[in-house]
Amino acid sequence: MVICILASPIIVIRSFGASRPQAQEASNTAMTLLSKTITAFGSLLLAHACYSAREHTALQSIRAATAATLTSSSTAATSLPVDIIIETIISTFIILLGLVLGTRPLRPLEWRVWAGKIEREGEEGFTDNAGAVDKDYMGNPFSVLESRPNFVDIRKQRKEFAEWVQKGDGKQGQ
Amino acid sequence: MPSEQELQISPIVQESLVHNSRTLYNLQSLTASLFGVSAGILGLESYSGFVFYVALSLVTAVLFYALRVAPTSLASGKPPLDTSRYFRGAYDFWAGGLMNGFAGFVLTWTLFYGLVTA
């Protein structure tokens, strides 16, 4: 903690890319759509497999009932057809893929990694899959320290202001 | 598990820990119910059902690692299969699903076994 506080004045890098947040948001929404589509498709396959298995057992029991009158009922214990088994397993994996893709992005555990991510990406690094910023995002943990008046570089700000005024005058003059 | 001294040197963000654990827990509960459904449809009984569950929850952990943890973890210089960027215990990550989703698995397993075979 002490190290963090000592290091905080050094971390004054603010570089927010203008185009990057939009691109990330677009990819996030595409990701949500992709995962939902995959999950829905897998659920459809799984429901079909379930229905097929149900029908298969029903058919088996009917066949066993009719066969019991003729011969001994040894055919009742047949296993599922291979295509239903394959469909079940494949649909399980498809849904699994969709669910894993639909999980929310993780956050770094270590304080320094996490704070660095906040500095670099801002609130765009802490969005859910739909692109909305997380509710418990609280921003830069050092913002109180960084806005201390003692640490403001007043000469730099004055120089920037002078340049801005000059540029503005030049534009008005033209 | 990191010691007290290491925690002092590189502190951990509690909110991130809670967020990551909850994300993993939600995934494990959901997928455990899903595996119960497919085990019931396949008509698995006794040990084969449990083996099915163990195998698929390991697959879930590997898939979650490959899609969610690995891209940023490997880029930050961690060795492969190291989850320390996002999770504290390696055991909790790889085998936690066996405990977390077990009740849901048995529930949907018996339900769908009964639905399909009865």
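Residues are numbered from 1 along each chain as its sequence is written, and chains are lettered from A and ligands numbered from 1 in the order in which they are written. As the model is predicted, local features need pLDDT of at least 70 and side-chain atom pairs count only at pLDDT 80 or more, while totals for chains, interfaces and linings use all residues.

Chain A contains 6 helices and 0 strands, where helices (H or I, at least four residues) and strands (E, at least two) are DSSP runs numbered from the N terminus. Its pattern along the sequence is α-α-α-α-α-α. Of its 174 residues, 13% are buried; a residue is buried if 20 or more other C-beta atoms lie within 10 Å of its own, exposed if 12 or fewer, and partly exposed in between, with C-beta atoms placed from the backbone. Among the contacts in chain A with a separation of 6 or more, 74% join residues 24 or more positions apart. Two residues are in contact if their C-beta atoms, placed from the backbone, lie within 7 Å.

Helix 3 of chain A covers residues 82-101, and its 20 residues should span 28 Å at 1.5 Å a residue; the end C-alpha atoms are 29 Å apart, which agrees. The expected span of a helix is 1.5 Å times one less than its number of residues. Buried positions in helix 3 of chain A are Ile84(A), Glu87(A), Thr88(A), Ser91(A), Thr92(A), Ile95(A), Leu96(A), Leu99(A) and Val100(A). An α-helix has 3.6 residues a turn, so residues three or four places apart point the same way. Glu87(A) is counted as buried because 20 other C-beta atoms lie within 10 Å. Apart from neighbours within four places in sequence, Glu87(A) contacts Leu45(A), His48(A) and Ala49(A). Cys50(A) lies 37 residues from Glu87(A) in sequence, with a C-alpha to C-alpha distance of 9.5 Å.

Between the chains, 33 residues of chain B are in contact with 28 residues of chain A. On the chain B side, two or more residues each come from helix 2 (14-42), helix 3 and helix 5 (102-117). Helix 2 of chain B gives the most, with 15 residues.

Two packed helices are described by the angle between their axes and the distance between the axes. Helix 3 of chain A and helix 3 of chain B (residues 46-75) have axes that come within 10 Å and cross at roughly 45 degrees. Axes are lines fitted to C-alpha atoms, for helices over the stretch in contact, and angles run from 0 to 180 degrees between N-to-C directions. The two helices are therefore oblique to each other; angles under 35 degrees count as roughly parallel, over 145 as roughly antiparallel, 65 to 115 as roughly perpendicular and the rest as oblique. The crossing of helix 3 of chain A with helix 3 of chain B is right-handed, a crossing being right-handed if the near helix is turned clockwise from the far one by less than a right angle, and left-handed if anticlockwise. From helix 3 of chain A, Leu96(A), Leu97(A), Val100(A) and Leu101(A) meet Thr60(B), Leu63(B), Phe64(B), Leu67(B) and Arg68(B) of helix 3 of chain B.

Within chain B, helix 2 and helix 3 pack at an angle of about 140 degrees, their axes being 10 Å apart. This angle makes helix 2 of chain B oblique to helix 3 of chain B. Their crossing is right-handed. Leu27(B), Thr31(B), Phe35(B) and Ala39(B) of helix 2 make the contact with Gly49(B), Phe52(B), Tyr53(B), Leu56(B), Thr60(B) and Phe64(B) of helix 3. Helix 2 of chain B, with 29 residues, reaches 42 Å from its first C-alpha to its last, close to the expected 42 Å.

Just after helix 2 of chain B, Gly43(B) has a positive phi of about 70 degrees. Most residues other than glycine have a negative phi, and most peptide bonds are trans. Ser46(B), a residue other than glycine, has a positive phi near 45 degrees and is placed in helix 3 of chain B. Ser46(B) counts as exposed, with 7 C-beta neighbours inside 10 Å. Leu81(B), also not a glycine, has a positive phi of about 65 degrees and is found in the loop between helix 3 and helix 4 (90-100) of chain B. With 15 C-beta neighbours inside 10 Å, Leu81(B) counts as partly exposed.
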